[in-house]
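Subject: Structure for your files

Hello,

Here is the structure you asked for.

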Amino acid sequence: MSEVYPALELLNGAKHLRSLQPPAKLCVFGDPIAHSRSPQMQNAALKECGIDQQYVRVHATAEEFPKALRALPEAGFTGANVTIPHKISALNTVDRVDEHAQRIGTVNTVVVEGSKLTGYNTDGPGLSRAVKEEFSTDLCDLRVMLLGAGGGAGRAIAAQCAIENCERLILLNRTYEKAELLAQELASQSNKQILAIPWELSAIRNQLEQVDIVINATSQGMRDTDPALLPVDLLSSKLLVYDTVYSGGKSRLVQDAEACGARATNGLSMLLWQGALAFEIWFNRPAPVEVMRRALLTRD
Ligand code: NAP
């Protein structure tokens, strides 16, 4: 189940995908996509629920993606997930966008209904469920510092915090202007304080005293050789740390936070919950979350 299919397969009628046993009716689009763990989690859920469908990886370039997405109805698909770098393109390609996804500004889940495509976003709600599960606290009760507010995941998480009216939201991004723009956009959606600050040690130190949780949504930390995102001496045992990075066990940030006595976790629970919520949207039934969790923890 670790194959990657080319977008061309969908564009050419999906003959091979239809002939698979069970037939492929769900997929995740991305570029790159070979690393995605979604098939192992979703296929375990489909099997558990007795649904005769298979979930596969599809590699699509930015140019191929809109056409490949539009080919899903003709290929007999139920829906799809969308990951880097197609989430904004998906929002612009579908026929209808669910209100929550519209507010978040990106689509990661697509449902096929007849010839129409509807876009949803489960990244933000997935993060919210993950924080609740990991730290037994509601996101809305937390003061949040978000690193990487300019990326797709960061945008979804920032919007989720605004929608849930988090007590305080501090946005940081390597390219400061993106965080500043997002803070302005989100200010109209929340009556709590939303502030963009530059990625400078004195500013971060100052704000860290007024937050409960640090969420990393940058792509830094995925490799062992990545430098520290925050100097260890800025971290403390009072903080919760949620790192959305999930490949390769504990990221540098999680290790540093734990060494300071903070409660810290990687992004596997967000991956699980965004997938479980997508399953519920496709099939209008509860997802077998524990089966999905076990499948995620097993290397395919
Ligand atoms: P993206 O759209 O490419 O955004 C990348 C973000 O990282 C941008 O904010 C970028 O800042 C920042 N960045 C990149 N290199 C950096 C560095 N050296 N120092 C500081 N900031 C840096 O990617 P994405 O889709 O948002 O994904 C970001 C992360 O979220 C990835 O690690 C991904 O695995 C994770 N994620 C996890 C889940 C989950 O379910 N757990 C779901 C989605 C994403 P600039 O704007 O300045 O370029």
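How far is a nitrogen atom of the ligand from an N or O atom in the side chain of Gln 220? The distance is 2.5 Å, which falls under the cut-off for a polar contact, a pair of N or O atoms within 3.5 Å.

Before the rest, note that this is a predicted model, in which local features need pLDDT of at least 70 and side-chain atom pairs pLDDT 80 or more, while totals for chains, interfaces and linings use all residues. Residues are numbered from 1 along each chain as its sequence is written, and side-chain values use heavy atoms, with hydrogens and water left out.

An oxygen atom of the ligand lies 2.7 Å from a backbone N or O atom of Ala 153, and a ligand nitrogen is 2.9 Å from a polar backbone atom of Gly 267. Alone, the ligand exposes 930 Å², of which the protein buries 82% (Shrake-Rupley accessible area, 1.4 Å probe).

The ligand is surrounded by 21 residues (a heavy atom within 4 Å). The closest are Ala 153, Asn 173, Thr 175, Lys 178 and Gln 220. By class, the shell has eight nonpolar, eleven polar and two charged residues, with Gly counted as polar. Helix 8 (152-163) and helix 12 (268-283) each supply at least two shell residues (helices are DSSP runs of H or I, at least four residues).

Regards

Key
Polar contact = N/O pair within 3.5 Å; in protein donor to acceptor, adjacent residues only side chain to side chain.
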